[in-house]
Amino acid sequence: MFLSLRNISKRFGSLLALNEVSLDIAEGEFVCFLGPSGCGKTTLLRVIAGLETPDAGEVMQNGASLLDVPARLRNFGIVFQSYSLFPNMTVARNVGYGLECRKWRKDLIGPRIDEVLRLVHLRDQAAKYPHQLSGGQQQRVALARALAPNPTVLLLDEPLSALDAKVREELRAEIKDLQTTLRITTIMVTHDQHEAMEMADRIVVMNAGVIEQVGSAVDLYDQPVNRFVAEFIGRMNLLHASAANVPADHAYIGIRPEHIELIDGNVATDGTLSGRIEKCVYLGSITRVILNVDDRRLVLELRGRRSDLCAGDLLAIRIPAAAIHRLLDAAQ
């Protein structure tokens with residue numbers, strides 16, 4: 001395996017940040033570490049980078065241990081949330097700085113700077129200084145700088161979180177296209193589920209220092225292994241199993257909002273439920289409906305605008321058996 005983590009543990013004082021984490025990453029793969037603040041995803045990235053030393057466990061690349069290899073010798077490119085550009089250097093000098101430190105031949109540095117700036121669409125900005133660039137452009141420079149030395153792995157630590165929504169959406173598509181073109185093994189930390197689902201070949205969902213589930217966006221959305229993953233990836237209606245007459249070996253059942261079906265009329269019959277609308281929210285492509293069913297709230301998501309539905313109306317629904325997910329609590 002190209003990159004392997006085995007039983008990685010890391011403690012900061014009384015806080016167990018990573019608890020025996022194991023993971024294999026294939027060459028050329030795009031992997032996202034996804035989870036809430038404090039789940040251990042950034043610590044795991046820093047262990048891979050060599051910026052943190054694990055208390056236990058092993059990090060291997062192509063079967064060779066990296067634990068005794070300092071960060072500067074791992075040939076990993078790193079892009080942080082803050083752009084960390086040198087304000088007194090031009091874009092070209094910022095990109096070439098790492099090449100100078102690595103003692104590249106001078107006649108090779110200029111062409112390489114030009115090449116990576118072309119990749120991030122900034123060739124015409126080479127002579128500018130960071131303060132003359134937008135936030136998105138500065139992060140492109142940081143990306144070009146990380147790619148310039150031809151790293152074997154690209155590590156991205158929430159690189160888009162400081163950007164506004166429109167720029168973030170544009171840049172994540174560019175990063176994914178670039179990674180696909182270069183086929184560079186890429187690991188990105190994010191707390192944004194949409195970012196992870198759009199960009200990653202596989203998503204590693206983390207919580208409280210452990211990995212809850214690893215899989216594609218489709219795997220995690222359609223087959224969450226527990227309540228934590230179900231709630232973190234997309235929206236999920238949760239009902240306690242005892243209240244839903246589900247066998248006791250599962251703590252909860254979950255239903256995605258878009259899988260709940262409307263039926264004609266507003267009175268429950270066999271196999272259906274009836275509730276009163278608390279709120280309708282139009283969100284462009286969908287209308288989100290909050291429905292009170294026997295003092296339990298269910299969220300429905302219906303296509304398009306539903307001006308025929310109003311707060312206070314009675315609504316009858318059906319939940320298909322195939323839409324029901326049986327879920328345990330996390331880490332069971």
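Which residue stands opposite Leu314 in E17? The residue is Arg276.

## Basis of the model

This is a predicted model, in which local features need pLDDT of at least 70 and side-chain atom pairs count only at pLDDT 80 or more, while totals for chains, interfaces and linings use all residues. Residues are numbered from 1 along each chain as its sequence is written, and side-chain values use heavy atoms, with hydrogens and water left out.

Helices (H or I, at least four residues) and strands (E, at least two) are DSSP runs, numbered from the N terminus. Two strands pair if DSSP finds at least two bridges between them.

## Sheet E2-E1-E4-E5

Four strands make up an open sheet in the order E2-E1-E4-E5, and their pairing is antiparallel. Its edges are strand E2 (15–25) and strand E5 (64–65); each has a single partner strand, so one side of each is left without a neighbour in the sheet. Seven bridges join strand E1 (residues 3–12) to E2 in the antiparallel sense. Leu15 in E2 is the bridge partner of Phe12.

Helix H1 (residues 41–49) lies across E1, E2 and strand E4 (56–61), and runs at about 120 degrees to E1. Axes are lines fitted to C-alpha atoms, for helices over the stretch in contact, and angles run from 0 to 180 degrees between N-to-C directions. Contact means heavy atoms within 4.5 Å.

Helix H2 (residues 91–101) packs against helix H3 (residues 106–119) at an angle of about 120 degrees, with the axes 10 Å apart. That angle makes H2 oblique to H3; angles under 35 degrees count as roughly parallel, over 145 as roughly antiparallel, 65 to 115 as roughly perpendicular and the rest as oblique. The crossing of H2 past H3 is right-handed. A crossing is left-handed if the near helix is turned anticlockwise from the far one by less than a right angle, and right-handed if clockwise. On the H2 side the contact is made by Val91, Ala92, Val95, Gly96, Leu99 and Glu100, and on the H3 side by Ile109, Arg112, Ile113, Val116 and Leu117. By class, the residues of the contact of H2 with H3 are eight nonpolar, one polar and two charged. Ala, Val, Leu, Ile, Met, Phe, Trp, Tyr, Cys and Pro count as nonpolar, Asp, Glu, Lys and Arg as charged, and the others, Gly among them, as polar.

H2 also packs with helix H4 (residues 135–147), here at an angle of about 30 degrees and with the axes 7 Å apart. H2 is therefore roughly parallel to H4. H2 and H4 cross in the right-handed sense. Val91, Asn94 and Val95 of H2 meet Val141, Ala144 and Arg145 of H4 in this contact. The contact of H2 with H4 divides into four nonpolar residues, one polar and one charged.

## Helix H4 against H5

The axes of H4 and helix H5 (residues 165–182) cross at roughly 20 degrees and come within 11 Å. H4 is therefore roughly parallel to H5, and their crossing is right-handed. H4 contributes Gly136, Gln139, Arg140, Leu143 and Leu147 to the contact, and H5 contributes Val167, Leu171, Glu174, Ile175, Leu178 and Leu182. In the contact of H4 with H5, seven residues are nonpolar, two polar and two charged.

## Aromatic pairs

The structure has two aromatic pairs. Phe228 and Phe232 form a stacked pair, 5.6 Å centre to centre and with 15 degrees between the planes. Rings of Phe, Tyr and Trp (its six-membered ring) pair if their centres lie within 6.5 Å; planes under 30 degrees apart count as stacked, over 60 as edge-to-face and the rest as tilted. About one helical turn separates Phe228 and Phe232, because they are four residues apart in helix H8 (residues 227–232).

## Strands E11 to E18

An open sheet of three strands has the order E11-E12-E18, with antiparallel pairing. Strand E11 (237–240) and strand E18 (324–327) are at the edges with a single partner strand each, so one side of each is left without a neighbour in the sheet. From one strand to the next the twist averages 30 degrees. Strand E12 (residues 252–255) pairs with E18 over four bridges in the antiparallel sense, and Ile253 has Arg326 in E18 as its bridge partner.

Strand E17 (residues 314–318) pairs with strand E13 (residues 261–262) in the antiparallel sense over two bridges. Ile317 in E17 is the bridge partner of Leu262. Strand E14 (residues 273–282) and E17 are also paired in the antiparallel sense, over four bridges.
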